[in-house]
Structure formats: structure tokens, C-alpha cells
Amino acid sequence: MKSNIKVSVIIPTYKRAAELKRAVESVISQTLKEIEIIVVDDNPPESDSRAKTEKIMEELQEKDERICYIKHAKNMNGAAARNTGIKNSQGKYISFLDDDDFYLPTKLEKESKLLDSLSSEYACVICNCYAVRNGVYGKVIEVDGNESPLQQVLSCTYRVGSGSNLFIRRDVMMECGGFNEKLLRHQDYDVEARVYSKYKVKKISEPLLCVELYSSHSNIPDLDKAVKYREEYLRLHKQLIESLPHRKRNEVYADSYYNLCELAIRNKRLKDARKLYLISKSYIQTSRNKRIMLIMKCVLAYMPVNMRKALRIGR
């Protein structure tokens, strides 16, 4: 391991050659210079996306010798691409970056200094984020500040804005075994569950990461798949869930199914929403405020888009 490398930035990429350039250039521009940039290309070798990515990476590598470009022999998945980056990393810390997000210039310097100053019980740093649409900065995404967020991670309610928002000690990432390549969803939550079962996380309130957002109307997850993947995740971490105090254990299941209930409403499947709501309620009595929110979401799900806009109501 090279002693002069402080942070290894791992950027998996798939079908986003144009956005990738912005991501890599945001790392090149960091005030912290003792870094390496590992781009893992998960595009199929014969695809147009691979050819476009190769061209962009050739240009970027000419600008900066700190860039390492690794090409998968076949499309594997995002978890596998991150693991390839981890195995080839040499820094004290690892920072992940999705190919459509980008860093602000002082991110790595501030996060590495903070983690340097903390005791060994802390493994990670996260930060607030800017929401960006088509290059235009929007609101600040206020991420969760809980230093021991295992319960939220297990119920998939831990909000950090993006998979790019994880700055972690390399030794801890190696200890927890990296990302589970068999999971089709919740790979980030899965690795966080293993990390936060032993370690803490510290939040920086300053926005240091920019997260590209897309239209929520065109990207509503399929309910049946979501239920399947969520229950698979809960089974995978059953031992961790069972280790929690009784009420917290019930809250994990209640929050998980309440979250799926909200998704069922977005999918306009109200019978399924009621079924998922009753499962959630069987663990913990749903609060009055949450019941009101569900009723409002049901109304909004069937309200025409132009009416929501006229009332200035989002989804």
C-alpha cells in the first residue's frame, strides 16, 4: 500500500459516459491531493457505452496520472464494480462516488481531517448534499445525523441522499467484506448494516456532495419486486434484527412495511397498501400523524398532475 495515498475514490460506471467526466473532474479538483481515482467500467466490452467510456477515460488519464481505469471483462453489477475498486484501493480511506454525482472541492479534505480526529469507534463520515437537476442546484438534502443508525439501516429508512455519501476507513470496509454481489437491491444498506453493527458514523452539516436527481414520476419502483427484495434483505439480517431490544426490533419491521405501504399507494394499488399497512400495524400501532399522511398520499396518488401543480403539491 502506498503510504502517500490518503483517500481512494471509487467510481463504478455503467452507461453514463457523459456524466462520468463531470464526476471524475470533481475529484481531480479536490483540495486534498494525496488521492487515487479508481474508475471501474462495468459496461459490456462490445457495447457503445464501453467505447464512449474508454474515449473519455483516455482523455482524463492524460490530464491526471492519479487515475486508475479498470475494465470488467463482462457486465457484473454495481456491487461487483465497487468490490473491484476496493480490492485495488491503496488509501487509508475509501470514498465512493456514483458516476452521475459529483463532489464539491473540499469534500475529501474535510472528511479525512474529521475522521483523523475521531476515535477508532468511528468508521465513517457522511455530509449534507445539494440536490441537482440537469446541472441546476436545488435544495440542501439534510441527511440523518444519528451516529449509531443500525435500526434505521435495517428498516431501510436511513437517509444519506446517495450511495456516493460514504467515506469510510479502508480497514473497516475490508473487515466487513465489501458489498454483497448477490443482492439485486439494498446493497448499500446491507454493507452499512454490517459496518454500523460495530462502528459509529459522524455527520458534517455542510453540503459537500452534489446528487443528481431524476423525475420521481418516471421512476416509481415496481411494488412486487420491492416487497420481494425488502423481505429478502430482512431475512438476510434477521440475526442482527433479533439482537435489538424488543421494541426496536418491532419498529424495524413496522417501518419496513409502512415504507412498502407508501410505495403501494404510489403504484395505485390500494388493496396491497392496506395489506402492507396491517402488517406494519401488527408490529407497532401506527401513529395518528402517519395515518393522516397515508390518507393524503392516497388522495395525491389519484389527483391529476396538473391539479397537483396548481396546488403546488409534490408527490
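This is a predicted model: local features need pLDDT of at least 70, side-chain atom pairs count only at pLDDT 80 or more; totals for chains, interfaces and linings use all residues.
Residues are numbered from 1 along each chain as its sequence is written, and side-chain values use heavy atoms, with hydrogens and water left out.

The secondary structure of the protein comes to 13 helices and 9 strands, these being DSSP runs numbered from the N terminus, with helices (H or I) of at least four residues and strands (E) of at least two. Of the 315 residues of the protein, 49% count as buried. Among contacts between residues at least 6 apart in sequence, 76% join residues at least 24 apart, a contact being defined by heavy atoms within 4.5 Å.

A search of the whole structure finds 6 aromatic pairs. Rings of Phe, Tyr and Trp (for Trp, its six-membered ring) pair if their centres lie within 6.5 Å, and planes under 30 degrees apart count as stacked, over 60 as edge-to-face and the rest as tilted. One of the pairs joins Phe 96 and Phe 179 in an edge-to-face arrangement, with 5.4 Å from centre to centre and 85 degrees between the planes. Since Phe 96 belongs to strand β4 (residues 93-96) and Phe 179 to the loop between α6 (170-176) and α7 (187-196), the pair ties together parts that are 83 residues apart in sequence. The ring of Phe 179 also has the charged end of Arg 82 over it, 5.7 Å from its centre, under the criterion that NZ of Lys or CZ of Arg is within 6 Å of the ring centre and within 35 degrees of the ring normal.

Another edge-to-face pair is formed by Phe 102 and Tyr 137, at 6.3 Å centre to centre and with 85 degrees between the planes. This pair links distant parts of the chain, with Phe 102 in strand β5 (residues 102-103) and Tyr 137 in strand β7 (residues 136-141), 35 residues apart. Phe 102 counts as buried at 11% relative accessibility, whereas Tyr 137, at 43%, counts as partly exposed. Ring pairs link Phe 102, Tyr 130 and Tyr 137 into a cluster. Elsewhere, Lys 107 lies over the face of Tyr 103, at 4.4 Å from the ring centre.

The axes of helix α8 (residues 223-236) and helix α10 (residues 246-266) come within 10 Å and cross at roughly 170 degrees, the axes being lines fitted to C-alpha atoms over the stretch in contact and the angles running from 0 to 180 degrees between N-to-C directions. The two helices, α8 and α10, are therefore roughly antiparallel to each other, a label for angles over 145 degrees, with those under 35 counted as roughly parallel, 65 to 115 as roughly perpendicular and the rest as oblique. In this contact, the residues of α8 include Leu 223, Val 227 and Leu 234, and those of α10 include Val 252, Tyr 257 and Leu 263. The residues of the contact divide into 10 nonpolar, 2 polar and 2 charged, where Ala, Val, Leu, Ile, Met, Phe, Trp, Tyr, Cys and Pro count as nonpolar, Asp, Glu, Lys and Arg as charged, and the others, Gly among them, as polar.

Two residues other than glycine have a positive phi: Cys 156, at about 60 degrees, and His 186, near 65 degrees. Cys 156 is placed in the loop between α5 (150-154) and β8 (167-169) and is buried, with a relative accessible area of 2%. His 186 lies in the loop between α6 and α7 and is likewise buried, with a relative accessible area of 16%. Helix α7 is itself mostly covered, with 8 of its 10 residues buried, among them Tyr 189, Val 195 and Tyr 196.

Cys 124, in strand β6 (residues 122-133), is buried with a relative accessible area of 1%. Leaving aside neighbours within four places in sequence, Cys 124 is in contact with residues that include Val 195 and Tyr 196.

Conventions:
Buried means under 20% relative accessible area, exposed over 50%, partly exposed in between (1.4 Å probe, protein chains only).
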